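Try each task yourself before you read the solution.

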Amino acid sequence: MKQQVLKALANPPRIFYVPYHLAVLNFVVQFIVFIAIYVISLVFFDFEIQPLFFLISLIGVHMVLAVYSRVDPQIGQILSAKLRLLKYRIPRRLAA
């Protein structure tokens, strides 16, 4: 029983070599940035931005996260724990 628990903690779920939480967060942030810049460019500047640029940046950031998560495989869990502490408004000195 202990071996299964340790294996689950040591190998977090991944999407293309990036921990699940980081991959989803990356996609959500990139999508929100794309929608905001696309709408701003249509409203104020009257031209369209090609989605291919954002797809390339999404893949590039994902590759950087894959390299970094290979060095520190628990980075997704650390980030989700920090976000959870900020959600509950725990002071920063306790969230270190």
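## Exercise 1: A residue in a loop

Y17 sits in the loop that joins β1 (14-15) to β2 (18-19). The model is a predicted one.

**Task.** Find Y17 and decide: is Y17 buried or exposed?

**Solution.** 
- Step 1: Take the relative accessibility of Y17, which is 67%.
- Step 2: Exposed means over 50%, so Y17 counts as exposed.
- Step 3: Look at the backbone too: Y17 has a positive phi of about 70 degrees, although it is not a glycine.

Now try D46, in the loop between α2 and α3 (51-71). D46 is exposed, with a relative accessible area of 67%. Its phi is positive, about 60 degrees, and D46 is not a glycine.

## Exercise 2: The overall layout

**Task.** How many helices and strands does the chain have, and what pattern do they follow along the sequence?

**Solution.** 
- Step 1: Count the elements: there are four helices and two strands.
- Step 2: Read along the sequence, and the pattern is α-β-β-α-α-α.
- Step 3: Check the confidence. The chain averages a pLDDT of 78, and 79% of the residues score at least 70.
- Step 4: Compare the elements. Helix α1 (residues 2-10) has the lowest mean pLDDT, 55, while helix α2 (residues 20-45) has the highest, 89. Where pLDDT is low, the predicted coordinates should not be read in detail.

## Exercise 3: Inside and outside

**Task.** Is S41 buried or exposed, and which residues does S41 touch beyond four places away in sequence?

**Solution.** 
- Step 1: Locate S41 in helix α2.
- Step 2: Its relative accessible area is 2%. Buried means under 20%, so S41 is buried.
- Step 3: Leaving out residues up to four places away in sequence, S41 touches D46, F47 and I49.

## Exercise 4: Aromatic rings

**Task.** How many aromatic pairs does a search of the whole structure find?

**Solution.** 
- Step 1: The search finds four aromatic pairs.
- Step 2: One of them is F27 with F31, a stacked pair with 6.1 Å centre to centre and 20 degrees between the planes. Both residues lie in helix α2, four residues apart, about one turn of the helix. F27 is partly exposed at 46% relative accessible area, and F31 is partly exposed at 46%.
- Step 3: The ring centres of F45 and F47 are 6.2 Å apart and the planes stand at 35 degrees, so this pair is tilted. F45 counts as exposed at 55% relative accessibility, whereas F47 is partly exposed at 44%.
- Step 4: Finish with the cluster of F34, Y38 and F54, which are linked by ring pairs.

Definitions and conventions. Residues numbered from 1 in each chain as written. Predicted model: local features only at pLDDT ≥ 70, side-chain atom pairs only at ≥ 80, totals over all residues. Heavy atoms only, no water. pLDDT = per-residue confidence, 0-100. Buried < 20%, exposed > 50% of the residue type's maximum accessible area, 1.4 Å probe, protein only. Contact = heavy atoms within 4.5 Å. Phe/Tyr/Trp six-rings, centres within 6.5 Å; stacked < 30°, edge-to-face > 60°.
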